[in-house]
Amino acid sequence: MKILILGAGKMGSFFADVLSFDHEVAVLDTDPQKLRFIYNTLRMTKPEEVRDFAPELVINAATLKYTVEAFHSVLPYLPQTCILSDIASVKTGLEEFYRERTRPYVSTHPMFGPTFASLSDLSTQSAIIISESSHLGKVFFRDLYRRLKLNVFEYTFREHDETIAYSLSIPFASTLVFASVMKHQDAPGTTFKKHMNIAQGLLSEDDFLLTEILFNPYTPDQLVKIREKLKELLAIIEVRDSEAMKVFLTQVRKNIE
């Protein structure tokens with residue numbers, strides 16, 4: 001299959017590396033510096049170059065802020081039968097974009113990233129395939145993700161956003177609150193250092209990505225739950241209620257079993 005990858009960032013490079021030995025792959029990025037270490041692929045810097053390549057599948061790995069813009073830049077040069085795909089962690093605007101097109105599409109979310117996951121062993125990681133996607137697109141990505149030993153799930157666009165609000169917005173918000181009250185520790189404990197490493201990794205991500213994940217319409221309900229539990233915990237601590245603390249900890253342990 002002839003596959004075009006939009007964006008030579010970390011995930012774009014990862015997909016190019018994974019796919020280039022079994023498919024004919026081209027990578028398009030307007031910044032030639034980002035293409036320096038992309039091997040075994042055709043490298044492009046101008047959308048017009050896509051016409052001669054005539055891809056059968058486009059994987060949009062552009063920065064989240066520019067996902068739709070990247071699609072628009074190449075649409076005039078794609079065959080009508082070319083499958084459009086994205087790997088965005090936030091699907092805001094993408095469902096509407098696909099519905100306005102006549103081309104087949106497949107939307108997926110590999111729920112790992114170079115910041116925290118080991119790309120050499122993804123067996124503990126997951127990927128979501130959007131159920132409204134075209135059949136052939138779903139078959140391609142289901143096969144790819146299973147070969148990468150990812151745990152594959154199929155959700156609707158709405159179910160995906162609800163899941164992300166829970167699985168990303170909660171830890172993101174909790175980490176940001178932790179980091180916001182941070183001060184230097186000369187002798188940090190083990191737990192403190194682990195939390196610090198997570199905070200540093202999270203804050204190394206693109207601001208737009210963090211913002212869009214937190215602006216998910218399902219995020220506020222999750223943050224309200226955090227606020228309620230913090231209020232409950234604070235009340236227990238203020239009156240030093242050992243029995244209430246025991247009940248609280250027992251419930252928390254059940255949640256993570």
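Author: Let's start at N40, which sits in the loop between β2 (24-28) and β3 (42-44). Keep in mind that this is a predicted model. As for cover, N40 is partly exposed, because its relative accessible area of 46% falls between the 20% and 50% cut-offs.

You'll find K149 in the loop between α5 (135-147) and β8 (151-155). Its relative accessibility is 60%, so K149 counts as exposed, the cut-off being over 50%.

Follow the chain on from that loop and you get to some helix packing. Helix α6 (residues 157-180) packs against helix α7 (residues 190-203) with the axes 10 Å apart and an angle of about 110°. The α6/α7 crossing is left-handed. On the α6 side, the contact uses F172, T175, L176, F178 and A179, while α7 brings F192, H195, M196, I198, A199, L202 and L203. Sort the residues of that contact by class and you get 10 nonpolar, two polar and no charged.

Now for α9 and α10. The axes of helix α9 (residues 219-238) and helix α10 (residues 242-255) come within 9 Å and cross at roughly 150°. That angle is therefore enough to call α9 and α10 roughly antiparallel, as the label applies over 145 degrees. α9 also passes α10 in a left-handed crossing. From α9 the contact takes K229, E232, L233, I236 and I237, and from α10 it takes A244, M245 and F248. The class tally for α9 with α10 is six nonpolar, no polar and two charged residues.

Finally, zooming all the way out: the protein chain has 10 helices and eight strands, and its C-alpha trace spans about 70 × 40 × 30 Å along the principal axes. Of its 257 residues, 39% count as buried. Among contacts with a separation of 6 or more, 57% come from residues 24 or more positions apart. The accessible surface comes to about 15,100 Å², with 54% of it belonging to carbon and sulfur atoms.

Note on methods. Residues are numbered from 1 along each chain as its sequence is written. This is a predicted model: local features need pLDDT of at least 70, side-chain atom pairs count only at pLDDT 80 or more; totals for chains, interfaces and linings use all residues. Side-chain values use heavy atoms; hydrogens and water are left out. Axes are lines fitted to C-alpha atoms, for helices over the stretch in contact, and angles run from 0 to 180 degrees between N-to-C directions. Helices (H or I, at least four residues) and strands (E, at least two) are DSSP runs, numbered from the N terminus. Angles under 35 degrees count as roughly parallel, over 145 as roughly antiparallel, 65 to 115 as roughly perpendicular and the rest as oblique. A crossing is left-handed if the near helix is turned anticlockwise from the far one by less than a right angle, and right-handed if clockwise. Contact means heavy atoms within 4.5 Å. Ala, Val, Leu, Ile, Met, Phe, Trp, Tyr, Cys and Pro count as nonpolar, Asp, Glu, Lys and Arg as charged, and the others, Gly among them, as polar. Buried means under 20% relative accessible area, exposed over 50%, partly exposed in between (1.4 Å probe, protein chains only). Accessible areas come from the Shrake-Rupley method with a 1.4 Å probe; for residues, only the protein chains shown count as cover.
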